[in-house]
Amino acid sequence: MSGAAVGGAAVGGRAVRWPLVVVALVAVVGLSVADRGGDEPATGVLLAGLGVTSAAPGPDAEGGVWYCGEGTSMPGEFADHSVIVANPGAVPVTAAVSVFPATPAGSTSASAAPREVSLVVPARSEASLRLAEVVESRYTAALVEIDSGQAIVEQRVQGPTGMDVMACATRSSAVWHFAAGSTRRDARLVFTLFNPFPDRAVVKFVFSTDEGIREPQALRGVLVPARSLVVVDATDAVPRFSSVSTTIESQAGRIVAGRLQLFDGTEGLEGLTAGPGIPAPQLQWVFPAGPADPDMVEHIFLYNPSEVSASAHVGIRLDALGSGGELAPFEVSVPPQQQIALVFGDVGAHPLPPEHFAYGAAGSLPEGAGFWTAIQVHNGVPIVAERVAAASALSSPAGVATAAGTPVTAVRHLFAGNRADGAEVALTVVNPSPDSIALVTVSKVAAGQVAPISQLDPLEVAPHSRVVVPVDRLADGDSYALLVEASQPVVVGRSLLARTGTGSASGSAVPFDPVALDPSAF
């Protein structure tokens, strides 16, 4: 398949199922960064102003710290937890992994010390670790410290209702936001509070529900002891709400907060989605993926945690219209402490807010068209934005994937944990520039080699356009990482979809040296 042919395809959001290779554990390592002091790693400090949850430290950094907090590590649970380390560099790297068992809510100290192991990742390769091999606990979190700024860490969860793959966080925060969520009859909504630091944290929860704000008394002062993982099941705290947005705010200390969302199939939706939250609202968000598959539907949830209404401009650019093709933009208002949903088609399965907070955004979309979306707030009130892609439980494959938009671009991006066997893997590259072509190279990182995929060398992405690349058709072999390099800043997303059964994932790449989106580009 030629690069031009791939560029013309609009294969929409697609997603992956693969077995992870567990690398042999070597000697127990020394004390973690959380014991050496309470300072935020340099990467986290730099990202604070960009609103980014994850980014690679870069080749000039001596190392990186990654927080992987969302998963289970006990037989019979719903989100078996693994971490994956991808190393595109020319020398091996060592990852010191501290695995934390969950501490019961209400405890004043951690229930157990983390278990510490070492994972060696060869040059230009990746390695994975199933956390249940280290600690057996209903929920687990991992602190991963790597002696290289080039390596990245992702986490994978797998269970009877599906799977998800996402980057681990590279920063902590005093506030975390989640735009999407549900506690209806078929749903389970769980939040993870990971505190690997030497000081305790105390947090409170605020839920924006179908019927207004809820602040359960029991969640107004949740203690998260030093060096612990505490888990809160919101299904019990705010039950039977179709649509829930959440803010978790520290009253003392800082944490890394994550979410596990499960749908069991009884109401027409089956799937599992997980990942860290969004540390700060932003004025601008880009979503590179938009389904061309008629069996997949998309909703974008916009959540305004402030006390002032936000006014946003929504721009949709279609693959079918060619370079620069754009539908007429429209305006939406996001009320204070409320969420709205932009509905791009609906199979009647994924939960939505009440009708007056659900905007039909698909009326002018050509049937089967792929698209990408840019959202800009123009009255200065930042918002939180997440995309949900879903397929009915009656379809095959079925699944649900939730991912935050991105407020940044970069010239270099990396994904870990791809697998061609039995799954579809698609990359989406968006060029936000209004006037210059982006040249993009996609390379496979595996077995000691970084090799450009010849059919894609290079891709040309026109201004204000995107290219969707069905990577699984072009890359063979076992688990591999994908390195995306561009001649100018681009946005890169990945979608994974099991070809049969249940399994879906979607999200942005881990960027190197991210920069804020240029508002003038849109």
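Cys68 and Cys168 form a disulfide, with 2.1 Å between their sulfur atoms; the criterion is a pair of cysteine sulfur atoms within 2.5 Å. The model is a predicted one, in which local features need pLDDT of at least 70 and side-chain atom pairs count only at pLDDT 80 or more, while totals for chains, interfaces and linings use all residues. Residues are numbered from 1 along each chain as its sequence is written, and side-chain values use heavy atoms, without hydrogens and water.

A search of the whole structure finds one disulfide. The link of Cys68 and Cys168 is right-handed, with 110° about the S-S bond. Cys68 belongs to strand 1, whereas Cys168 lies in the loop between strand 8 (162–167) and strand 9 (175–178), so the pair ties together parts 100 residues apart in sequence. Strands here are DSSP runs of E, at least two residues long, numbered from the N terminus. Cys68 and Cys168 are both buried, that is, under 20% relative accessible area (1.4 Å probe, protein chains only).

Two strands count as paired if DSSP finds at least two bridges between them. Strand 3 (residues 93–101) and strand 4 pair in the antiparallel sense over seven bridges. Ser98 stands opposite Glu116 of strand 4.

Aromatic contacts were examined next. Rings of Phe, Tyr and Trp (its six-membered ring) pair if their centres lie within 6.5 Å; planes under 30 degrees apart are stacked, over 60 edge-to-face, and the rest tilted. The count comes to eight aromatic pairs. One of them, Phe100 with Phe194, is edge-to-face, at 5.1 Å centre to centre and 75° between the planes. Phe100 lies in strand 3 and Phe194 in strand 10 (residues 187–195), so this pair ties together parts 94 residues apart in sequence. Both Phe100 and Phe194 are buried. Phe178, Phe191, Phe205 and Phe207 form one aromatic cluster.

Charges over rings were also found. The criterion places NZ of Lys or CZ of Arg within 6 Å of the ring centre and within 35 degrees of the ring normal. The charged end of Arg254 sits over the ring of Phe197, 4.0 Å from its centre. For Arg412, the charged end sits over the ring of Phe512, 4.5 Å from its centre.

Note on methods
Helix = DSSP H or I, 4+ residues; strand = E, 2+ residues; numbered from the N terminus. Buried < 20%, exposed > 50% of the residue type's maximum accessible area, 1.4 Å probe, protein only.
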